[in-house]
Amino acid sequence: MPPPDPLPGTAYGCEKTTNRLVARSDRFEAAAHFSKLNAGGQLPDSVSSLGGSQKPPQASCQVLKVALPSPLRRLFDYLPARQTPKVGWQPGLRVRVPFGHREVVGVVVALANSSELPHSQLRAISDVLDDAPLPSDWQWLCHFTARYYQHSLGDTMQLAMPARLRQGHPMAGRTHTLWLPIEMSDASSLQRAPKQAELYALLRQHPHGLAARAISAHGFTRDQLLALQKKGFTRAEEMILTASKPTTGSLLASPSLPLNREQATALAVLHEKLDSYHPCLLEGVTGSGKTEIYLQLIEALAAKGKQSLVLVPEIGLTPQTLARFRSRFRVPVVALHSGLTDHERLDVWEAAANGRALVIIGTRSAIFTPLANPGAIIVDEEHDGSYKQHDGLRYHARDLAVARAHYHNIPLLLGSATPSFESLQQALCGTYRHLRLTQRPSRHPPAKLELIDLRHQRRQGGLLPGAIKAIKSTLNAGKQVLVFINRRGFAPTLACHSCGWMAECGQCDARMTLHRQPPLLACHHCDSRRALPDACPECGSGDLRALGSGTERTEETLQGLFPKVTVHRIDRDSTRKKESFEQILKEIQRGEPCLLVGTQMLAKGHHLPHVTLVVVVNADGGLYAADFRALEHSAQLLEQVAGRAGRAAHPGRVLVQTLHPDDPHLGQLAEHGYSALARSLLEERRIAKLPPFCFMALLRFESPKEEAALALAQQATQALRQWLKEAALPVRCLGPVPAPMERRQNRYHLHIMLAADKRSQRHAAANWLVQWLEANREARKVRWSIDIDPQTLA
């Protein structure tokens with residue numbers, strides 16, 4: 001696969017003219033999810049050329065361009081190693097090279113006959129690590145990601161491959177030895193060896209083979225096993241550890257569920273174009289059966305031997321999703337997430353790259369999994385913020401999924417009960433096919449939000465008397481209750497009742513959260529901690545009081561009100577131990593009356609059939625925040641947590657406590673649902689020229705010295721505005737302005753925002769600014785980063 005157009009700033013880069021920048025950026029316009037297909041339904045030539053056929057290796061190659069794990073947006077020139085690889089020199093080969101005083105693993109990106117440096121100054125590659133190049137689809141995605149998100153190609157490739165490949169290990173899955181019986185008509189030779197006869201009988205009970213460890217567990221020795229092999233009664237066979245079983249017979253381990261009319265219509269639409277790029281937004285109310293559509297789509301693709309990549313937002317959803325998919329299919333189903341060991345991650349990566357794994361389920365980083373025979377990409381809960389990486393390479397897995405489906409020319413399915421405004425706008429304007437599910441299998445309509453006024457009412461642990469009464473009634477009926485409070489800890493802060501002092505973080509512009517388990521003050525932004533004071537440090541008063549409620553305080557209150565009922569607290573603090581979250585969910589699934597107190601961990605896709613009441617302790621967190629996306633995210637969260645109620649045989653009820661029951665947006669959400677509110681907010685965004693009606697990039701500056709960050713940001717803004725004027729590019733440059741939290745971890749944070757009506761214009765401006773910063777000596781004294789399509793201003 002020839003490499004895409006060079007990254008700006010690399011040793012083999014093009015001239016940095018405005019026309020070339022805009023022309024190169026137009027490729028992003030075509031390849032990502034916001035683009036439109038041409039009349040023929042194919043990718044434009046400029047994009048499809050990026051994934052063309054592999055050029056034959058150049059035998060006369062003199063210089064290799066290598067991408068190394070470095071923040072520098074350039075490639076490094078090396079001389080070929082003495083020994084030529086079996087496949088010849090070509091892009092995609094991993095190599096070990098000298099870099100400074102150490103050796104690092106890099107990837108060959110391009111071949112050249114000369115270098116800008118004198119031949120005598122070039123160092124040679126130390127070793128070639130692969131017999132064949134890394135998968136071509138993976139190479140394309142890395143190039144696209146680096147270019148689109150203005151990131152170092154070497155860094156991108158390092159982050160996109162498993163840790164063991166970064167360390168230089170072979171790209172091979174682990175194997176294990178299985179001992180299989182050989183059917184013999186005459187076993188008389190074992191009459192004088194009773195233990196061997198017993199071992200042979202054991203092996204015959206397991207015709208698919210037994211591992212040596214399992215044989216030892218039955219009390220047999222290795223000598224007995226080898227003796228049996230010598231006599232011809234058993235043989236050893238090396239088996240791939242992950243996804244080794246070939247598919248035989250029926251694809252299904254359990255039958256598909258019957259579909260209602262809406263589900264059947266949606267599936268029929270997906271079947272119309274199984275062999276071409278076909279982006280669809282599946283907007284279905286919570287509990288409407290979106291997963292069943294995923295399963296039946298995957299079944300149709302697996303029957304053709306095609307692979308399906310399924311993205312889920314969080315690791316907490318992976319076990320239940322994996323269990324459901326494995327119970328449905330006989331084909332190999334594998335998972336990729338941060339909870340795997342380095343060996344396990346490489347095993348899954350290799351199984352997918354070689355086509356053995358037909359269903360790959362994973363979190364954000366799984367988008368970089370190579371596929372030998374791609375059939376479809378499915379993004380569940382596509383609106384979820386977890387798909388956006390917020391540091392380093394700031395990619396969005398959903399957007400890369402769209403670009404990748406476009407590249408492979410395969411269907412793309414985005415599913416959500418509360419679609420992101422970007423995806424919803426694409427569906428409303430016809431770029432995506434809009435599929436809707438409005439009914440639940442239980443035939444109970446989704447519960448409406450009941451707004452309860454918090455003003456002038458006494459609360460216990462954040463709960464009003466009416467909410468406590470509803471909880472008691474639900475528990476007495478033998479059902480479960482979910483109390484949602486998106487704030488962990490005991491209380492948001494500790495204050496002195498005498499002088500008004502509040503416990504503030506010494507490193508951030510934030511107050512410290514009071515925790516009781518264990519007792520301490522903690523900052524949830526920089527993770528600094530300190531012991532609880534015995535008295536007020538300002539006036540010496542001992543009258544220190546906890547203000548507000550967190551999950552710990554609400555849990556304590558409910559334990560006191562309902563001492564005979566089990567209370568499960570689910571937040572980041574209570575689920576730190578491995579598999580603790582899964583264990584709690586198993587207890588909840590038993591169906592016994594209980595109380596669930598949790599943060600947004602409980603709101604994301606979990607099926608809680610016995611929950612019939614949801615109480616939202618305070619719904620005001622995102623109503624008036626500085627971020628223009630805050631209301632969108634708050635509405636999504638409220639709708640998602642409300643969807644946990646009434647998913648089975650009994651209808652649900654949702655009580656939402658708020659200090660602003662008259663807020664028009666909250667009222668619209670309660671009365672008409674998320675869909676109506678989203679369309680109203682989209683119109684406001686259109687008038688204000690905010691995403692998805694414009695394209696943004698956010699430059700972040702941070703430094704321990706406020707003056708240094710401000711000086712650099714002002715210089716950068718002034719230089720950019722001058723360049724935009726000369727280039728006649730209609731890009732709006734806003735800032736520099738302090739971040740919503742200006743001081744965090746003892747560093748001062750400033751922002752510059754770029755906005756344009758076209759993505760190509762935004763990319764040209766962002767690219768110029770990044771190059772200006774890389775060439776500026778003062779920029780080396782300040783930490784800076786660029787975020788393309790930022791999802792938050794924090």
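The paragraphs below take these topics in turn.

This is a predicted model, in which local features need pLDDT of at least 70 and side-chain atom pairs count only at pLDDT 80 or more, while totals for chains, interfaces and linings use all residues. Residues are numbered from 1 along each chain as its sequence is written, and side-chain values use heavy atoms, with hydrogens and water left out.

Helices (H or I, at least four residues) and strands (E, at least two) are DSSP runs numbered from the N terminus, and two strands pair if DSSP finds at least two bridges between them. On these terms, five strands form an open sheet in the order S2-S1-S4-S3-S5, with antiparallel pairing. Its edge strands, each pairing on one side only, are S2 (76-78) and S5 (127-128). Within the sheet, strand S1 (residues 63-67) runs antiparallel to strand S4 (residues 102-112) and is joined to it by five bridges; Val-66, for instance, has Val-108 in S4 as its bridge partner. Helix H4 (residues 153-160) packs on this sheet and touches S1 and S4, its direction making about 115 degrees with that of S4. Contact here means heavy atoms within 4.5 Å, and the angle, on a scale from 0 to 180 degrees, is taken between N-to-C directions of axes fitted to C-alpha atoms, for helices over the stretch in contact.

S27 pairs in the antiparallel sense with strand S29 (residues 747-756) over nine bridges, and Phe-701 stands opposite Leu-750 in S29. Six bridges also join S27 to strand S30 (residues 783-788), again antiparallel, with Ala-697 opposite Ile-788.

The structure also holds two cavities of 30 Å³ or more. The second largest cavity contains about 40 Å³ of space, and its lining includes Leu-623, Ser-634, His-665 and Leu-677. Helix H18 (630-642) and helix H19 (664-672) are the elements that give two or more residues to this lining, and H18 supplies the largest share, four residues. A cavity is a set of points on a 1 Å grid over the protein atoms alone where a 1.4 Å probe fits but cannot get out, and lining residues have an atom within 4 Å of a point; the volume is the space filled by probe spheres set on the points, which are joined across faces, edges and corners.

The backbone geometry comes last. Most residues other than glycine have a negative phi, and most peptide bonds are trans. A cis peptide bond, with omega about 10 degrees, joins Pro-691 and Pro-692, and Pro-692 is in the loop between helix H20 (674-688) and S27. Another cis bond joins Gly-735 and Pro-736, with omega about 5 degrees; Pro-736 lies in strand S28 (residues 731-744). Gln-150, although not a glycine, has a positive phi of about 55 degrees, and is buried at 6% relative accessible area.

Definitions and conventions: On a 1 Å grid over the protein atoms alone, a cavity is a set of points where a 1.4 Å probe fits but cannot get out, and a pocket is an open set with protein on both sides within 12 Å along at least five of seven lines; lining residues have an atom within 4 Å of a point. Buried means under 20% relative accessible area, exposed over 50%, partly exposed in between (1.4 Å probe, protein chains only).
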